[in-house]
Amino acid sequence: MRFESISTASNAHYRRPLLHTPFFEASKPWIQNDTFIAWAGYSTPDVYSYTEHEYFAIRNTCALFDLTPMVKYRIAGPDAERYLNRVVTCDVRKLKVNRVIYTLWCNDEGHVIDDGTIFRFGEQEFRICSAERQLDWFLDCAIGYDVEISEVTADIAALALQGPTSYTVLAALGLQGLENLGAMGMLQQEFEGHTVMVSRTGFTGDLGYELWIDPEGAATLWTRLMEVGHQRGITPMGYRALEMARIEAGFILPHVDFISCNHTIRLGRESSPWELNLDWTVALGKGHFNGRRALLAEKARGVRRKLVGLELEGNKPAHGSLIYADEANTQQIGEITAALWSPTLKRNIAIAKINAPHFDSKASMWVDLYLNRELQWERRNVRSWIVDRPFYSPPRRRATPPPLR
Amino acid sequence: MSAAFDVIVIGAGHNGLACALDLARAGRKVLVLESAAQVGGAAITRSFAPGFQVSACAHLLHALPQSLLRDFALEQHGLRFAATAIATHALSETGPCLRIDSATVTGGSALGDDAATYGPFRQRMGRYAALFYALLSVKPPRLSLQRWSERWDMLKLALRLRLLGTASMRELLRIGGMNAYDLLDDNFQSPALKGALAFDATLGAEYGPRSPGTVLTWLYRLAGEHGAGTLGLAQPAGGMGAFSQALAQACRSAGVEIRLGTPVARILVEQDRAVGVALASGEVVAAATVVSSAALRTTFLHLLGAEHLDAGFVRRIDHFRAKGLVAKLHLALRGLPHFTGASAAALGGRLLISPSMDYLEKAFNPSKYREIPQHPALEITLPTANDASLAPAGQHVLSALVQFVPYDLGPDPTAARAALLENTLATLERYAPGIRALVVAAELLTPSDLEQEFGLAGGHWHQGALAFDQFFVNRPLPQSHQYQTPLPGLFLCGAACHPGGGVMGFAGRNAARCVLRQGD
């Protein structure tokens, strides 16, 4: 058959449309469930063992997460700083070498395309990590700049080690200088014949690090970490446990809490940084950057809605619920984008989109909640109110040196 | 910065000068900065061989509005015409040539029914062209229609269209998106007539006669002959440079300062506003408003810099199509050439070598593959037939537009250039036997030469293709179709804006109105 003749050819790569990361073989013994998710072209575990077990490792010991699929670009050249400063909303000129910054980037209309982190390796060299592939946009942005842009996603394997014992485990691994590494800092050193870059970053809101290494060093890094971390409760974690931790940390996720303007079909579904309540990431005073004029105009006009943190009565997470201004549920003022009964805080928390002017309201709101109890749907009308984010931010997250556990 | 000028205009082409003059007439203090040593941009007269002068880029006025002559009193400032109402003659290798004007066609024996059909056809096209001409002198409306003035502008346009009557409007909508080849084939039999008319439909465009959108480009061309108050085809005494000189003189009388040989290095920005320019010399000149008549890429990427613009906007600037296909040939002749079948009177006219639509299409085809045509199509003028001052006594100048010559001449530009000159001279020799023996000197300017010398993007006459997607409310870009740019205080006034080039001054004058309306 024709199909076979194609499948035996050198281009048979399509038979495995989702790739495994360089950690896959080494991590296999810990994958107890065959629950994988598709993430940016890779197949990664949703759960290794039990979600709750993995979640509690983040908060009590440490959890190891494979974040290789995170899309990465190398930006280098004489204009690299000027270039990035025009692409993103934060002030890249203020980013020192060996530091990391969280940022958004917008299109001409001031609508958010994606969020990510910028790592500064040198005066003229950066790495930018994003949720989605951005090469076309980054190349368009390069018109008029002397800058080199290359996708390096597959060239770098990455792990996140997050939790109170993460520092102790990395020290036991033999990495030097971590005691002086502050939050959002990074350093590079030799590890078993490979260069490993360690950044004090993460998506859990806890003390934690991310480790970046060439794919050839990946298996050794995984194995050695599991060995030295054994006594400190190191636990591989999947996407689901991370999702719980990131809600507690108050972090937002593309396609969950907002939609990239490149994907919206319906008019008005896109979001600005103001709407995401990420005003602190926008450096209006740094000069022009993509979307600045539109963002100023929007600010003057007034923002339509904002993402806020909510706390709710009871202990039932309000996934996808609508929010009303009144108990009678006659005036809808928003909706919930992510919800969690926080096991650490013992609070019912959520991230929600609330329309103007209610996003500044101190008054109670009512959430229309549906529970499926053994195939029996029940409706609850639950009181809720706006609270500050992050919901959870322990002192160890920023303590330098971090506590040894 | 304290400013000695209200407005700086970059470029002393006719649009830059027309813009400056309207602004000065409205009381603004205006400085025009020109990098070249003389005013005029693509409308200049210069020497190309000892004793021989030629209009080095544009060589005829084809749609100059009478209003520009009147408002700017150009004749008081020295403008004279060597010829007006210039007729077109379609040359034939063997027989008599056709004489074509806006109402009649005469001459050829093979015209048949076409002679009778031509009048009513041109009358019909003339009505559309007149409507078209009315569009040229207005700023394209905003589609948002937020303001009453915008709704009124749109209403006026709709009304004009409606006044054509149901049948005409329907016919316009039918043919508006057609190609010239099909339209002309529907209406005429004579290959010579069709070839000549199709030549005008493709002149200065990036298209052959079978390319879609060539009826639109033809209507644009015809607008110059049919619009209310246009001068029609005319040749200024002293060449196109004399027209520009008169315009500059009018500017100076109105208080405009023009600095020649003064290239601008950068447009200066403070607090997200244009605040003046830095000259190549290092000097800084402040002004609350900067108006640029330069090509889009020059203005936005070289003078302003991408860092002051959003990336989506810059991408559209980068994708703005501008690839000229017209080369320019200048010949110094030791005597008056003789063109087969053309009378002595015809030599003062516009002579076309485009004997059929297939000839034209075949001349176009190689350009798609970065090759030069074996048999180019030509528009020939002998400016010295109307104006002896351009050459030594008894000698002559031939100025020709050569279609279709690609901007990129392929792997061996030098060989391509030599072949193009040879092919063009050989073509001329067939229609004017003996002309090669008269040649004293020759100059050939390909589109990339025209870009070099005149700053025309891609060597394109209009600083960018005139096509549906780059026309009217989409010209140059949807985001800056009303002569404004994303940067407050910076405006555009060149041919890249509506309604394009063609030495009409509309882009400059429309821009001046927008500058005045928004305050400077």
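Residues are numbered from 1 along each chain as its sequence is written, and chains are lettered from A in the order in which they are written. In this predicted model, local features need pLDDT of at least 70 and side-chain atom pairs count only at pLDDT 80 or more, while totals for chains, interfaces and linings use all residues.

Student: Which helices of chain A each supply at least two residues of the side that touches chain B?
Tutor: Two residues are in contact if their C-beta atoms, placed from the backbone, lie within 7 Å. The contact takes 13 residues from chain A and 14 residues from chain B. Helices are DSSP runs of H or I, at least four residues, and strands are runs of E, at least two, numbered from the N terminus. The helices asked for are helix 4 (80–87) and helix 5 (135–141) of chain A.

Student: Why is chain B as compact as a globular protein of its length?
Tutor: Chain B has 17 helices and 19 strands. The globule rule is 2.2 Å times the number of residues to the power 0.38, and the radius of gyration is taken over C-alpha atoms. For 520 residues the rule gives 24 Å, so chain B is as compact as such a protein, with a close radius of gyration of 22 Å.

Student: What percentage of the residues in chain B is buried?
Tutor: A residue is buried if 20 or more other C-beta atoms, placed from the backbone, lie within 10 Å of its own. Chain B has 520 residues, and the buried share is 56%.

Student: How far apart do the C-alpha centres of the two domains of chain B lie?
Tutor: Domain bounds come from an automatic or database domain assignment. Domain 1 of chain B is 5–82 + 240–320 + 476–518, and domain 2 is 87–231 + 322–457. In contact are 37 residues of domain 1 of chain B and 34 residues of domain 2 of chain B. The C-alpha centres of these domains of chain B are separated by 26 Å.

Student: Which strands are the edge strands of the six-strand open sheet in chain A?
Tutor: Two strands pair if DSSP finds at least two bridges between them. The sheet is mixed and runs in the order 10-11-12-9-3-13 in chain A. An edge strand here pairs on one side only, and these are strand 10 (186–191) and strand 13 (234–236) of chain A.

Student: Which residue of strand 12 of chain A is the bridge partner of V198(A)?
Tutor: Strand 11 (residues 194–199) and strand 12 (residues 208–213) of chain A run antiparallel, joined by three bridges. The partner of V198(A) in strand 12 of chain A is L211(A).

Technical notes: A residue is buried if 20 or more other C-beta atoms lie within 10 Å of its own, exposed if 12 or fewer, and partly exposed in between; C-beta atoms are placed from the backbone.
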